Amino acid sequence: MSSLFRQTSFVRRVPRGPAIAIAMWLVMLILPSLTTGSVEAQNYRDIFQNFATVAPLAIAMGITMIMAEFDISVISTFALGGVLAVKVGDSSGIFVGTLAAVAAGAVAGIVQGSIIARFNISSVPVTLAGFLLIWGLTEVVAGGQQVASENFAPGEKLLSVVAEYFTLGSILVIAGVVIAHLLLCYTKLGRDLRAVGGDRRASKISGIRVPWVIVGTFAASGLIAGLGGALQGFSFSNANPLVSFNPLVSAVIAAIIGGVGISGATGSPLGIGCGVLALGTLSETLVITEVSSDLATVITGGFLLAIAIISAPDLRVLPTRLLPGLARRSKRSALDPEPTS
Amino acid sequence: MNSVASTSLGTPRVGPLRSPVTAALLGGGLIAAVAAAWFVLSTDGFATWSNVKAILAASSFIGIIAIGQTAVMISGNFFSMSMGIQAAGSAMFFLYALKFGLLPAILMTIVIGAVISALQGYTIGVWGASPIILTIASSSVLTGIIVLISGGGTVHPPADAPSINFLGDRVGGIAVSAFVMVGVAILAQVFLSRTRYGAVTYLAGANRAAARAAGLPVAATVVVVFALAGLCAAVAGIMMSGFQQTASLSLQGTLTFDAIAAVLVGGCAVLGGRGSAIATLLGTLGISAINSALVLRDYSNGVQILVKGGIVLAAVLAVHIWSTQRR
């Protein structure tokens, strides 16, 4: 993963998840008072409902990024989870439907993780192939069309309002994020994950079973993505096999906002959750201030691009790097973390 | 560096064929390849001249983009996730710019496409941004800008615009775009194997630290290969608009992934340092041929995507095993 995950120094000083989420929240409170619109309880419910959709994807993607890998397939696993949950759920009940989605996600993760660990191969091409395979499978299972359910009861329950600001679905996802956080920050599992993300060779020498950590993390990633898809499918009583890329962009950027360095080893589920909230709050602010949806897309896209650029490890490097001879004579080498690391 | 592929964890340092699992996989892969060849060639209507022409036409847009992606992948920067949107945006801009005349429209489209991509290459090459994350985010902002400018609608050529029918024409029964694809592949191959920047592209992909230490212009090369990829996407966009006579964002379809799949099937090493434009051309044609057989046999879109994923996985594993065996 040499190009994808390099050592970084600048990015560690960027204010992380909670700080950015709070800043976005303040903007949402202040901006409407200067223009039009006002912040209602419904806006918070929208933010948390968006959280229920994007957070599982962001956590699924984030944990593989903490391990210095990258799971592109989460987006199609999410779609497969939705389609399976709705389809199986209709015939055999919600529990079996959820189980099918979770099992399919976990199997997809185990297969990809095993290939990555066994062959010592970059996760990017493997999960890209996995993305296509799972997407194709989703289309086949769904028969090439949207899968709808006649049973609206689970959706009504999941979208029911709780404590004015939340929906039941969002409460469940928040609980899931907190559990994931506790698991990753206070157990050996999390420590092993970060160790493997930080230095794979040293982890192996210190006795960590690296292949198991890789397979386990990809299994967890698939499982979470499948579960997220199931929750989404049940919430809206339908699932679309067509894979959309927008949630993937939000998931990756939310993970970066949430403290996941592009060199791996850092970041936590709560941080990633805050990243998702920050992006959701930005979108909702644009809705409240009645910015046209076209302009809103540009502003959100610009924000995502800015975060992607800020996460670049050598952001302070001058254009002189284009001419290596010049760069060597400049002070760049003293600022560049590479020679000292 | 946390390079997964460069460490020896999990895999003992022996020839992969000595491992029963990999040997079985390779054997299975060979049998599958023979079966696939039989499956494709025995398809009714596959081995006909008209189907060959259809395969060439269908693969041309993907092929042109894939050739640009090949340079990016050889340089060790994975791939650009914004190629589909850049091709669609280029098609839309080209039709709009036709009011300035045909040649200015072509030049403007190509220059703008190359510059947009070169800017992404700059942040990746100079600042070390992650290529996948940056290009995903770029595609998001490009989509927003294109929707804002175009209103999200379809662009038609101006009423008094010069004719662009020749772009969608056929010569000797073969689509002009197929000739363009072959021409772009040859030019890209000349760039990669006959120029200084081409040599640095391979070196940067094989060992970036060493290339940098040797004082080679690694960052500038990354900018150049991304510019090349943007240029290819722009050419693909121009050809698509000539073929369709209209352009909208929906033109991007699954171009990005189809092109990446073609590069991987063409045997390009995903971590860089190895690959060729001609091999990518063959990879593109291979995928299109198999897809054509599936379409002729009336398989659904889902099965087509599934098979494409299987081919990509097989190609990636085969290239990986082959390269570790040589090491």
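Which residues of H1(A) are buried? Hold that for the second stop.

This is a predicted model, in which local features need pLDDT of at least 70 and side-chain atom pairs count only at pLDDT 80 or more, while totals for chains, interfaces and linings use all residues. Residues are numbered from 1 along each chain as its sequence is written, and chains are lettered from A and ligands numbered from 1 in the order in which they are written.

**Chain A.** Select chain A, which has 16 helices and four strands. Helices (H or I, at least four residues) and strands (E, at least two) are DSSP runs, numbered from the N terminus. Of its 341 residues, 57% count as buried; a residue is buried with 20 or more other C-beta atoms within 10 Å of its own, exposed with 12 or fewer, and partly exposed in between, the C-beta atoms being placed from the backbone.

**H1(A).** Select residues 17–34 of chain A. The buried residues here are A:Gly17, A:Ile20, A:Ala21, A:Met24 and A:Met28. They pack against H11 and helix H12 (269–288) of chain A.

**A:Val161.** Next, select A:Val161, in strand S2 (residues 161–162) of chain A. A:Val161 is exposed, with 12 other C-beta atoms within 10 Å. Leaving out residues up to four places away in sequence, A:Val161 touches A:Arg45 and A:Thr167; contact requires C-beta atoms, placed from the backbone, within 7 Å. A:Arg45 lies 116 residues from A:Val161 along the chain, and their C-alpha atoms are separated by 8.1 Å.

**The A–B interface.** Show both chains: 60 residues of chain A are in contact with 60 residues of chain B. On the chain A side, H5(A) gives the largest share, twelve residues. By class, that side has 38 nonpolar, 13 polar and nine charged residues. Ala, Val, Leu, Ile, Met, Phe, Trp, Tyr, Cys and Pro count as nonpolar, Asp, Glu, Lys and Arg as charged, and the others, Gly among them, as polar.

**H6(B) and H9(B).** Finally, select residues 176–194 and 218–244 of chain B. These two helices pack at an angle of about 170°, with their axes 11 Å apart. Axes are lines fitted to C-alpha atoms, for helices over the stretch in contact, and angles run from 0 to 180 degrees between N-to-C directions. H6(B) is therefore roughly antiparallel to H9(B), the term for angles over 145 degrees. B:Ser177, B:Val180 and B:Val184 in H6(B) meet B:Cys232, B:Val235, B:Met239 and B:Phe243 in H9(B). The residues of this contact divide into six nonpolar, one polar and no charged.

Methods. Contact = placed C-beta atoms within 7 Å. Parallel < 35°, antiparallel > 145°, perpendicular 65-115°, else oblique.
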